[in-house]
Amino acid sequence: MTTYFDDLETRPSAEREADQLVRLQALIARVQAHAGPCFPSGQISALADLVRFPVLRKSTLHAWQKETPPFGGALMGDYTHVFQSPGPIYEPGGVSHDWWRFGRFLHACGIGADDIVQNCFGYHLTPAGMMFENGARAVGAKVLPAGTGQTELQVRAAADIGTTAYAGTPDYLKVILEKADEMGVQLAITKAAVSGGALFPQLRQYYQDRGITCMQCYATADLGHLAYETAPGAGMIVDEGVILEIVTPGTGDPVPAGEVGEVVVTSLNPDYPLIRFATGDMSAVLPGGSPCGRTNMRIKGWMGRADQTTKIKGMFVRPEQVADLVKKTGADRARVIADRAGDTDTMIVQFEGQLDQTAAADAVRDILKLKGEVQCLAPDTLPRDGLVIEDRRSYET
């Protein structure tokens, strides 16, 4: 029988949307009063109105943080820790109950008060270790703050204290198990909560064959927990503390349901809210309800990176420029294809919709500063795979 972390997980969609709207309206008013010009102005009367706000990207957040260290004016509550991610970008952290919202995921993994979690996420500079420790406390589990490396000591500790659950990257548990086999040590780990890398089917099967149930979640250092598995192959359920959108890369425009696009997230964390923050990751909404009974939106999980910036003939072409092409030409959508003819780069720009090919070619030269073949295609011709820049070049000799 399925048990839930709280009643929020099974509430009707209309109730969830109404609650999130009230929280978001209060958050926007507070952000604008607190942060002033750092954040755009505007009000919303429905969640769909979020599209009126620009997408916030890491480059902008980095600039804000340089101007107003350490958090660019976005912090609105207490914090106990400061973390650093590549960029560098700085993130606050708190020790209040489930500050990053990982308890929901660990509960779905079956981790609770009877478990000891060997937390093999890093504790230095980056926040992952503290995120999972905070979540473990939310479900009453005990934590061994193991961090990374020193595998032989990890095995010995797991055996001595009776570790029952693992938290860390998907592949490192296999390293620990193989070291335990080499040492002739029997471990009691039966649950694994993983993130920060790809959980390949063969790796999940390896764990299953050893009696370990392995589930993965999707999270970022800036936003915390975003989505989580409750069963293999059933997609990831969006966390109750965020509003998640899928948009065309380089824009803030939502894609039709089911199409691949960039994940943009609004965090409802009152201490550190981020409105329409671009993760740079690609995913798609998974239709239908989850077999576990949870009612929030599901996504397909990580499906690549949204930053498709590509250098063609020595010039960078960015997703934002492709979005500008669509606006200038009035096309339904566009796609830039980079290829090679011998040792020379080639470029094809494909447009969908009714438009003048000469005007489209002019727009390509004006915006991309490059010449290339322009193709005007019938509606619904381009693949719905999230790519706006496709690089077909191979550099294999």
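Predicted model: local features only at pLDDT ≥ 70, side-chain atom pairs only at ≥ 80, totals over all residues.

Residues are numbered from 1 along each chain as its sequence is written, and side-chain values use heavy atoms, with hydrogens and water left out.

Let us begin with Asp345, which is placed in strand β18, residues 344–352. Helices (H or I, at least four residues) and strands (E, at least two) are DSSP runs, numbered from the N terminus. Is Asp345 buried or exposed? Asp345 counts as buried because its relative accessibility is 14%; the term means under 20% relative accessible area, with exposed over 50% and partly exposed in between, using a 1.4 Å probe and protein chains only.

The side chain of Asp345 has a polar atom 2.9 Å from the backbone nitrogen of Lys313. Its side chain also makes a polar contact of 3.2 Å with that of Arg393. A polar contact is a pair of N or O atoms within 3.5 Å; within protein, one must be able to donate a hydrogen and the other to accept it, and residues adjacent in sequence count only if both atoms are side-chain atoms. Beyond its neighbours within four places in sequence, Asp345 is in contact (heavy atoms within 4.5 Å) with residues including Lys311, Ile312 and Asp339.

I turn to helix α4, residues 128–138. Of its 11 residues, 9 are buried, so the helix is largely enclosed by the rest of the structure. Among them are Met130, Phe132 and Glu133. Just after α4, Gly140 takes a positive phi of about 85°.

Next, the sheet. Three strands form an open sheet in the order β10-β11-β12, with antiparallel pairing; two strands pair if DSSP finds at least two bridges between them. The edge strands, each pairing on one side only, are β10 (242–247) and β12 (277–283). Between β10 and β11 (residues 261–267) there are 6 bridges, and Leu244 has Val265 in β11 as its bridge partner.

Finally, how many disulfides are there? The count is 0, where a disulfide is a pair of cysteine sulfur atoms within 2.5 Å. The sulfur of Cys109 lies 7.8 Å from the closest cysteine sulfur, in Cys217, and that is too far for a bond. Cys292 is in no disulfide either, the nearest cysteine sulfur being that of Cys109, 12 Å away. Cys109 is buried at 8% relative accessible area, and Cys292 is buried at 12% relative accessibility.
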